[in-house]
Every structure is written in structure tokens, then in C-alpha cells.
Amino acid sequence: MRKIAAVYRNELYKICHRAVTWLLLGVMVLAVLGAGGLVGLAMKAMTSRSSGVYYDENGNAVDPVEQRRKELQEQINGQKKFIESGMKRLTEEYETFITPEETGDGVGAFALGGAGGLGGLFVGGPATEGVSQLYYDLTYNRAQLRTMELCLAHGIDYFGWYAFSTDYDFRTEVTQIYPTLQQMILVLEDKQDFGPGLDEGEAAQLAMQEALAKKVEGIMRSQNYEEWLDLEIAFARLTLEPEYMEGTERFYELLRKGNPDGSLNPALVQQVVTDIGNLEQSLKDDVDHVSGGGASVPLTDDQRAEFRDRLAVKTYRLEHQAYSAANILSEMMGISVDPYNICRQAGMAVLVILILLLAGGAVAQETSTGSIKSLIIAPVRRWKILTGKIAAVSTVAVVGTLLLLGALLAVNALFFRDSLTLPYVYALDGQARELHFLVFRALEALVSLAPLMVYLLFALMLSAVIRHTAPVVGLSIGAYFITYLAGEMLTMVPSSGVVRFLPFAHLSLEHMVFPFVESNVVTAIFSAGGSVTEKGSVLFSSVYLAVMALCFGWTAYDSFCRRDIK
């Protein structure tokens with residue numbers, strides 16, 4: 001052991017005195033910081049209410065909120081002209097008698113007559129298809145106009161610039177309800193004023209719709225989120241068939257839990273709520289409603305257990321607000337926007353290259369320079385020499401992993417403070433549990449050492465066999481990229497099970513050990529096979545990695561110990 005320790009200290013001393021070691025460690029930290037800064041700016045642009053810069057005709061910056069209010073007023077003016085133009089077209093093309101009367105919506109109301117004109121819409125007369133379509137187009141635009149004027153009066157974002165805003169005004173959701181409500185009201189009002197009138201059921205329906213419209217306008221003033229949710233349920237009862245109401249009421253029940261005060265954009269929570277509903281319905285019907293294949297495929301026992309665990313995790317996250325905007329954006333967009341993992345992958349890429357350079361040159365570089373002979377002639381067995389070298393490069397891998405973890409935590413503290421308080425939520429037998437953020441990230445870093453050791457032994461094997469630094473490093477790095485691309489292409493082929501047995505197809509081990517990370521839709525940068533690793537078992541991948549490491553290590557020892565060194 002003393003001789004191995006001596007070789008270890010000598011090798012570690014040489015590594016520490018190589019400029020490339022400190023250079024790449026520095027690049028790794030800078031990569032993490034740079035990725036964090038870029039993701040932070042992107043997230044701010046996506047979630048900030050003040051995102052966007054506007055300039056006036058003189059090139060001076062103007063308040064974006066004022067500019068958007070101005071644009072909305074211009075849109076209102078354009079909408080009025082469009083409606084007036086449509087009314088004129090009705091008069092000219094269909095010879096319909098229309099008398100404009102000033103109303104609250106700022107445009108002329110319809111005074112309709114003529115058996116062949118718009119009156120036919122309400123009495124079953126011979127109104128042409130063109131008249132019907134134009135009338136309903138105008139009604140739609142009149143409803144949009146009323147919605148725009150309501151938004152302008154209360155300073156509400158009509159155009160949806162803040163679609164992913166975390167600093168959100170729930171009243172923006174009025175654009176999803178109010179136009180449809182006003183369109184229904186306008187049709188009944190026109191039938192009442194210019195048609196045959198309303199029957200008892202239609203009159204009751206109009207009264208209900210007008211009451212809801214007044215309630216909307218009141219909520220715009222009071223900004224009462226609870227009343228808004230109640231109004232959305234009432235609107236759903238007005239527009240949906242009874243058989244859909246149970247799912248709708250469950251949706252809003254979950255929405256209240258996930259966004260109790262309305263401060264978070266409902267769009268950020270609704271995807272999670274929808275996922276929970278699909279999982280609940282799948283377990284209730286014992287049919288897969290999650291995959292989206294369209295076919296009613298019964299659940300297997302494994303799928304049933306998986307769905308129960310996923311449901312437990314998502315429900316726990318929702319009820320405890322254990323998510324950030326980035327987590328939910330990952331689910332909504334189907335790509336990873338998790339800042340921690342994006343920064344981690346950027347840093348890990350540099351760390352892998354460093355390990356490949358050090359391990360690839362452990363034997364090859366000393367053989368090329370001839371310095372290996374001083375070790376060989378010493379009274380030390382060759383396997384001890386190679387063991388000391390492996391231990392030294394492994395130490396760099398451990399230190400690099402810890403440095404990467406520290407940089408990631410620093411970036412999160414600087415740019416994404418909310419994620420530092422989020423636990424890792426997982427489930428066993430349908431029961432949700434949580435793991436502290438720091439404990440989870442430390443364990444994740446520990447798991448990532450397994451693939452790093454495979455990288456190390458692969459490069460060391462090439463170093464012992466080829467014994468020329470440049471081709472060893474080139475082949476090492478090239479092998480990962482080529483295998484990754486091959487794996488990605490094979491996943492597009494239906495019969496791609498062979499990907500499971502490709503070298504390096506199981507190097508994103510952390511995604512299997514921690515399957516409930518919200519961003520696990522994206523695999524590690526250097527792992528081949530895409531989603532294959534996520535669907536595999538931890539045991540299979542662990543055995544696979546162990547066999548790979550054993551083969552690489554045995555080949556490296558055999559070549560180094562048996563071959564002559566010239």
C-alpha cells in the first residue's frame with residue numbers, strides 16, 4: 001500500500017502542476033456561471049411583467065406598460081372601424097335596412113328588417129349563408145371590442161404578453177371568458193330587439209348571462225380571486241354539458257390548492273392540474289389516458305404502480321406548492337428549462353473532458369516522453385503503478401464533482417433562489433415523501449461519479465493500449481459523441497431495443513435513481529439512447545456500467561502489465 005500511495009502522491013503532484021487541470025476547472029466554473037446567467041436572463045424575459053423594451057420616434061425608451069396601453073387603444077379604434085365597415089357591407093351587398101343607434105359599446109346597434117335580410121336569422125327566413133356568416137363575424141368582433149374596452153378601463157393585459165409571468169394578474173384570464181359571454185349576450189339581445197323576441201327559456205338565459213357579465217366587471221374592480229374561480233365554474237356550467245362538470249369542478253378544486261391566492265399564473269399550474277386529472281382518470285378507468293395514443297389500452301400492473309407514484313408526487317407538489325415556474329415550464333413545454341440541470345450539464349461536459357485528458361495521458365503521455373521508464377525500473381509492480389494513477393485521476397474527478405456542486409449551489413443562490421427551498425419529492429407504493437434540496441443534490445452528485453469512473457477507465461484503457469496521447473484523447477471524446485448520435489437515431493426506429501446495449505447508453509444514471517425530477521424529460525448531454533435510459537431499470541444499468549468498467553479496467557491492466565515499454 002505504501003508503494004501505491006507513493007505513486008498516487010507523485011501522480012497527483014504532476015496533475016496539480018499541469019496548467020490544463022486548473023484551466024479546465026476554471027472553465028467548468030465559468031460555464032456554470034455563464035449558463036446560469038443566460039438562463040436567468042431568459043427566465044426573467046419570460047416571466048417578468050416588464051419584459052420588452054419600446055422606443056418612441058426619437059429613439060427614447062418608453063414605459064412598456066404605457067406603450068401596450070397605447071397599442072390596445074389603437075386596436076380598439078381599428079376594431080370599431082372594422083365593425084362599421086362590416087355593417088356598411090351588409091347594407092350594400094344584401095340591401096338590409098340598418099339604422100345605427102349609439103350604444104355603450106361605441107358602435108351602432110342593429111335595427112334589422114327585411115324578409116331577406118338579417119331578420120331572417122331570427123325568424124327562420126331566407127337569410128343567405130353569407131349574411132349569417134358576416135353577422136356572426138361581426139358579433140364576434142363586437143364581443144372582442146367590449147372585452148378590449150374592459151381591459152383598457154382596468155389596466156389588464158389583453159394581448160397576453162405575460163403568458164408565463166410569475167408576477168401575474170389573474171384578471172388577464174378575462175380574455176378567455178368575457179368575449180364568449182358577450183357574444184352569447186349580443187346574439188340574444190339582437191334577437192330580442194330586432195327579431196321575434198325571446199321565449200321564456202331564452203329570457204332566463206340572457207338574464208343569467210348578463211348577471212355573469214356584471215359579476216366579471218365587479219371582479220375586475222375588486223380583484224377577488226376566490227370570486228373569480230367561482231365565476232369560472234358558473235361559466236363552465238353555462239357552456240358545458242352536465243357530464244363534463246365533475247371533471248371541471250375537480251380541476252378548479254386542484255387549481256385552488258396549487259394557486260391559492262392567484263399570484264401565480266394559472267397557465268403555469270394548469271398543466272400540473274391537467275396531468276393529475278389524467279392520472280386520476282386513468283387509474284379510475286384502468287386505461288392509459290396519459291400517453292395520448294388514442295387507443296384504450298388497459299393498464300399493466302407496472303403502469304398502475306407507476307401512475308400511482310406519479311399521481312402522489314404531482315399531488316404533493318401541488319398541495320405544498322413545491323414547484324417553481326421553471327419546473328412547471330418544463331412540463332408545459334416538454335423540454336428542460338430547469339436552471340439547475342442546464343447549468344449542471346454545462347459544467348459536467350467540461351469535467352468529462354478534463355477526466356478524459358488526464359486519464360488519456362496517464363500512460364500515453366509518459367510513454368511518449370519516456371518518463372514512464374523511471375517508474376518501471378523502480379521496485380514497484382506495474383499494477384500498483386496503474387492503481388496509483390487511477391486513484392489520482394479519481395481524486396480529481398471527486399474534487400471536480402464537489403467544485404461543480406458548489407458552483408451550482410452558488411448560481412442557484414444568485415439567480416434562482418426559489419429553487420433552493422424546493423425539496424425532491426418522490427413516491428414509494430403510492431405515498432409521497434420528500435428529500436431536502438441539499439441532501440438530494442449531494443446524492444445526485446455522488447451518483448454522477450459512477451459514469452465519470454466509466455469515462456476514466458475507458459480513456460485509461462485506450463491510453464494503455466495505444467500509448468499515444470493525441471489519438472487516445474481524440475478517440476475518447478469522439479466515441480461519446482458518435483455513440484450519442486447513434487443512440488438518438490436508433491430511438492427513432494420502432495425496434496430500437498438494441499440501444500440498451502450500446503456503450504455509454506446508461507451513463508445518465510441519475511435520471512433513473514431520481515425519476516421524479518421535473519426536468520427528466522431531457523437526458524444527459526453525453527448519454528446515448530435518449531429516453532431509453534429513463535425507461536430502464538436502475539439494476540440493469542448499474543450492472544451494465546459495472547461490466548463496462550470491469551472490461552475497461554481489465555484491458556488497461558492487462559495491456560500495461562504484459563506489454564513491453566520501449
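User: What distance does helix H8 reach from its first C-alpha to its last?

Analyst: The model is predicted, with local features needing pLDDT of at least 70 and side-chain atom pairs pLDDT 80 or more, while totals for chains, interfaces and linings use all residues. Residues are numbered from 1 along each chain as its sequence is written, and side-chain values use heavy atoms, leaving out hydrogens and water. Helices are DSSP runs of H or I of at least four residues, numbered from the N terminus, and the expected span is 1.5 Å times one less than the number of residues. H8 covers residues 225-239, and its reach is close to the expected value, at 21 Å.

User: Is Leu299 buried or exposed?

Analyst: Leu299 lies in the loop between helix H10 (266-285) and helix H11 (301-319). Buried means under 20% relative accessible area, exposed over 50%, and partly exposed in between (1.4 Å probe, protein chains only). Because its relative accessibility is 6%, Leu299 counts as buried.

User: What kind of pair do the rings of Phe251 and Tyr252 form?

Analyst: Rings of Phe, Tyr and Trp (its six-membered ring) pair if their centres lie within 6.5 Å; planes under 30 degrees apart are stacked, over 60 edge-to-face and the rest tilted. The structure holds 8 such aromatic pairs. The centres of Phe251 and Tyr252 are 5.3 Å apart and their planes lie at 85°, so the pair is edge-to-face.

User: Which helix holds both Phe540 and Tyr544?

Analyst: Their ring centres are 6.2 Å apart with planes at 35°, so the pair of Phe540 and Tyr544 is tilted. The two residues are 4 apart, about one turn, in helix H20.
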